[in-house]
Amino acid sequence: MYFSAEDRGEMMSMVYNWPAEQVDMIVVTDGSRILGLGDLGVHGIGIAVGKLDLYVAAAGINPQRVLPVMIDVGTNNEKLLKDPLYLGLQEHRLDGDEYVEVIDEFMEAVYTRWPNVIVQFEDFQSKWALKLLQRYRNSYRMFNDDVQGTAGVAIAGLLGAVRAQGRPMIDFPKQKIVVAGAGSAGIGVLNTARKTMARMLGNNESAFESARSQFWVVDAKGLITEERENIDPDAQPFARKVNEANRQGLGEGASLVEVVRQVKPDVLLGLSAVGGLFSKEVLEALKESTSTRPAIFAMSNPTNNAECTPDEAFSIVGDNVIFASGSPFRDVDLGNGRVGHCNQGNNMYLFPGIGLGTLLSGSRIVSDGMLQAASECLAAYMTEEEVLNGVIYPSTSRIRDITKEVAAAVVKEAIIEDLAEGYRGVDSRELQRLSQEEIVEYVKNNMWNPDYPTLVYKED
């Protein structure tokens with residue numbers, strides 16, 4: 001479905017044009033930041049269709065109960081504004097209160113018709129992604145895949161990297177992490193990682209403060225400290241105190257190479273969308289890491305935006321490095337029959353399970369606890385042998401099984417947090433009585449399978 005800024009006042013009646021009486025999942029985009037391709041306007045609808053394909057394939061959401069949505073509020077892509085064949089509104093994007101009013105009306109309309117639907121926000125530009133998430137997350141069943149899904153997969157990888165070092169996941173709060181990039185994905189990962197550390201440290205104020213000091217954030221202007229002028233409010237909590245930075249031999253705007261050299265991090269995490277940012281100098285500096293097995297996460301998409309390649313990581317930093325990327329790369333042949341594993345931290349490992357688990361629990365919201373349960377489930381999914389071999393994400397051939405386990409973890413957490421209200425014939429009291437095995441079975445039984453009966457039998 002396409003909703004346009006010109007449809008203001010009409011969206012409530014428009015949603016009734018959709019022929020399906022039941023909709024379980026909506027993926028919505030405004031086309032403003034599609035992958036690394038930028039502002040595609042209404043041409044961005046493919047991302048909503050594609051994500052719902054994955055809900056069907058991975059989570060077993062019935063394809064008759066999904067709805068891809070484009071909200072057309074204009075485009076700032078000059079090429080499209082001048083293209084006579086462009087199908088969307090040929091005007092600059094709405095901004096400010098006018099923009100929010102359009103999204104508000106859409107949300108009210110879909111939840112009026114389908115009160116139990118889950119809405120996944122996808123590829124909204126950074127300036128709106130976090131604002132809309134904060135605006136709706138406590139009143140609607142919604143989440144933002146770029147902020148929370150990306151963060152969840154990164155956290156699972158970070159926890160997997162701790163396991164790959166031969167340590168328990170509970171050691172995660174001891175990891176020193178340098179983060180390159182402070183857009184919506186970067187801030188989303190930072191906030192989630194900090195909350196995860198704080199929970200492991202006791203979930204109080206001092207734990208939260210202690211967790212903050214594990215991160216060093218570098219953006220296009222260099223290291224972010226409290227001396228930064230006009231600092232982005234979302235990045236503010238991660239600005240290093242000046243005396244902390246000075247003690248490390250660093251100052252405001254220090255380059256990525258300097259930060260890596262001085263901090264000697266356990267993890268170098270890239271969410272910058274700047275291809276090749278992890279240069280030879282940066283990777284050489286990482287060789288000084290205090291970790292026995294440093295991890296490199298080059299998470300930006302598509303492939304040419306990756307901060308470095310696995311070949312560069314293994315050849316410069318060494319065979320022992322843990323490597324993960326957002327885009328697919330081939331494993332690296334290290335010689336003598338050894339393989340440098342390239343782990344793809346794809347959001348597909350989490351968002352289908354988060355959506356399915358939220359749906360089957362009947363939770364009123366998607367809580368931080370439910371998201372963390374999903375990440376920890378993915379991190380624990382790999383066997384000890386696999387993680388010690390540097391494999392921190394599973395093969396996509398196991399995606400149905402992974403999604404089932406993640407969804408069960410989400411359902412269980414919703415029950416623990418007393419958010420579960422039940423689904424269809426199963427009420428919240430019945431859910432509370434289920435054992436772990438029964439929850440997994442409940443999830444499995446509610447996953448749609450593309451099995452078709454044989455209608456014509458042919459005798460041999």
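**Exercise 1. Which atom of S327 lies 2.6 Å from a polar atom of the side chain of S325? Then place S325 in the fold.**

Before the solution, some ground rules. This is a predicted model, where local features need pLDDT of at least 70, side-chain atom pairs count only at pLDDT 80 or more, and totals for chains, interfaces and linings use all residues. Residues are numbered from 1 along each chain as its sequence is written, and side-chain values use heavy atoms, with hydrogens and water left out.

Step 1. Go to S327: the atom you want is its backbone oxygen.

Step 2. Find the element. S325 sits in strand β11, residues 322-325. Helices (H or I, at least four residues) and strands (E, at least two) are DSSP runs, numbered from the N terminus.

Step 3. S325 counts as buried because its relative accessible area is 0%. The scale here is buried under 20%, exposed over 50% and partly exposed in between, with a 1.4 Å probe and protein chains only.

Step 4. List the neighbours, with contact meaning heavy atoms within 4.5 Å. Skipping residues up to four places away in sequence, S325 touches A298, M299, C342, N343, Q344 and G345.

**Exercise 2. Look up where UniProt places the feature "binding site", then describe R33 and N301.**

Step 1. The unreviewed UniProt entry puts this feature at R33, N301 and N346. UniProt positions are given in the numbering used here, feature names are shortened, and annotations may be inferred rather than shown by experiment.

Step 2. Take R33. You'll find R33 in the loop between β2 (25-29) and α2 (45-59). R33 is classed as partly exposed because its relative accessibility is 25%. Beyond residues up to four places away in sequence, R33 touches G38, D123, F124, Q125 and D146. With D123 there's also a side-chain to side-chain polar contact of 3.2 Å.

Step 3. Now N301, in the loop between β10 (295-298) and α12 (310-317). At 32% relative accessible area, N301 is partly exposed. With residues up to four places away in sequence set aside, N301 touches G36, G326 and S327.

**Exercise 3. Trace the hairpin made by β12 and β13.**

Step 1. Strand β12 (residues 332-335) and strand β13 (residues 338-340) run antiparallel, joined by three bridges. Strands pair if DSSP finds at least two bridges between them.

Step 2. Across the pair, G335 stands opposite R338 in β13.

Step 3. Two residues lie between the strands, and N336 in the turn has a positive phi of about 55 degrees.

**Exercise 4. Find which residues touch the most other members of the largest nonpolar core.**

Step 1. A nonpolar core is a set of buried Ala, Val, Leu, Ile, Met, Phe, Trp, Tyr and Cys residues joined through side-chain atoms within 4.5 Å.

Step 2. Zoom in on M107: leaving aside neighbours within four places in sequence, M107 is in contact with V119, F121, Y136, Y140 and M142. A second, separate core has 31 residues, among them L250, L256, V257 and V317.

Terms used: A polar contact is a pair of N or O atoms within 3.5 Å; within protein, one must be able to donate a hydrogen and the other to accept it, and residues adjacent in sequence count only if both atoms are side-chain atoms.
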